Amino acid sequence: MPFNYIFPLRAAQFLFAIITLGLCGYVAHWYIVRDGVSSPSQINFLIFASLWTLFTVPYLTIAPVYFPKLTHKYATLATDALTMLFWFAGFVALAVFLSALSLCLGSVCGSAKAAAAFGAFVWIISSVTTGLAAMHVWRTRYSAPAKPAPSMERRPGV
């Protein structure tokens with residue numbers, strides 16, 4: 001039986017989204033408490049991307065296995081592609097923002113840099129899952145849309 005790569009990828013996506021959410025939350029809190037101003041929009045966007053991922057990954061992981069009639073291959077592809085675009089935009093925007101700072105010291109700067117790095121990791125994982133979804137759509141373009149991907153089908157005893 002071939003190894004199913006989608007579940008470890010989704011788990012890593014979920015874990016890195018939680019880590020990024022925590023790091024960005026720390027940076028946003030620092031801006032609000034220390035300076036009394038709103039956090040940079042780049043941080044806020046990565047918070048949104050993290051929350052988006054925390055909502056979509058459980059659906060993309062559980063629905064094809066347990067509720068195959070509630071999933072559609074094009075919706076899965078669109079959700080994966082949108083997630084990938086959110087993470088790309090978020091980590092690039094934060095990296096550009098950090099590179100433009102004249103002074104970046106302390107734990108808050110390290111947290112922002114780590115958030116950009118984890119954002120890049122999530123983007124890479126999202127690119128892979130989007131590629132897998134696109135390959136599934138391409139391979140099944142002439143079949144019934146209700147059938148889930150073979151890697152998502154529930155196997156006896158699992």
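The conversation below goes from the chain as a whole to single residues and pairs.

Analyst: This is a predicted model, in which local features need pLDDT of at least 70 and side-chain atom pairs count only at pLDDT 80 or more, while totals for chains, interfaces and linings use all residues. Residues are numbered from 1 along each chain as its sequence is written, and side-chain values use heavy atoms, with hydrogens and water left out.

User: How many helices and strands are there in the protein chain, and what counts as a helix or a strand?

Analyst: Helices (H or I, at least four residues) and strands (E, at least two) are DSSP runs, numbered from the N terminus. By that rule the protein chain has four helices and zero strands, and its pattern along the sequence reads α-α-α-α.

User: Why is serine 126 called buried?

Analyst: Buried means under 20% relative accessible area, exposed means over 50%, and partly exposed lies in between (1.4 Å probe, protein chains only). Serine 126 has a relative accessible area of 0%, and therefore it counts as buried. This residue lies in helix H4 and, leaving aside its neighbours within four places in sequence, is in contact (heavy atoms within 4.5 Å) with Gln13, Thr83, Met84 and Trp87. The C-alpha atoms of serine 126 and arginine 10 are separated by 8.6 Å, although the two residues are 116 residues apart along the chain.

User: Why is threonine 130 called buried, and what is threonine 130 in contact with?

Analyst: The relative accessibility of threonine 130 is 9%, so the residue counts as buried. Threonine 130 also lies in helix H4, and its contacts, leaving aside neighbours within four places in sequence, are Leu77, Asp80, Ala81 and Met84.

User: Why does threonine 79 count as buried?

Analyst: Threonine 79 has a relative accessible area of 16%, and because the limit for buried is under 20%, the word applies. Threonine 79 is found in helix H3, where, apart from neighbours within four places in sequence, it is in contact with Trp52, Thr56 and Leu60. Between threonine 79 and valine 57, which are 22 residues apart in sequence, the C-alpha to C-alpha distance is 9.4 Å.

User: What makes aspartate 80 and arginine 10 a salt bridge?

Analyst: A salt bridge is a side-chain nitrogen of Lys or Arg within 4 Å of a carboxyl oxygen of Asp or Glu. The closest N and O atoms of aspartate 80 and arginine 10 are 2.9 Å apart, so the pair meets that limit. The pair links distant parts of the chain, with aspartate 80 in helix H3 and arginine 10 in helix H1, 70 residues apart, and both residues are buried.

User: How many salt bridges does the structure hold, and how exposed are arginine 34 and aspartate 35?

Analyst: The structure holds two salt bridges, and one of them joins the side chains of arginine 34 and aspartate 35 at 2.9 Å, N to O. Arginine 34 has 55% relative accessibility and so counts as exposed, whereas aspartate 35, at 38%, counts as partly exposed.

User: Which residues make the contact between H1 and H3, and how closely do the axes of H1 and H3 come?

Analyst: The axes of helix H1 (residues 6-35) and H3 come within 14 Å and cross at roughly 40°, where axes are lines fitted to C-alpha atoms, for helices over the stretch in contact, and angles run from 0 to 180 degrees between N-to-C directions. The contact is made by Arg10, Gln13, Ala17, Thr20 and Tyr31 of H1 together with Asp80, Thr83, Trp87 and Phe97 of H3.

User: Why is isoleucine 124 called partly exposed?

Analyst: Isoleucine 124, which is placed in helix H4 (residues 106-139), has a relative accessible area of 45%, and so it is partly exposed.
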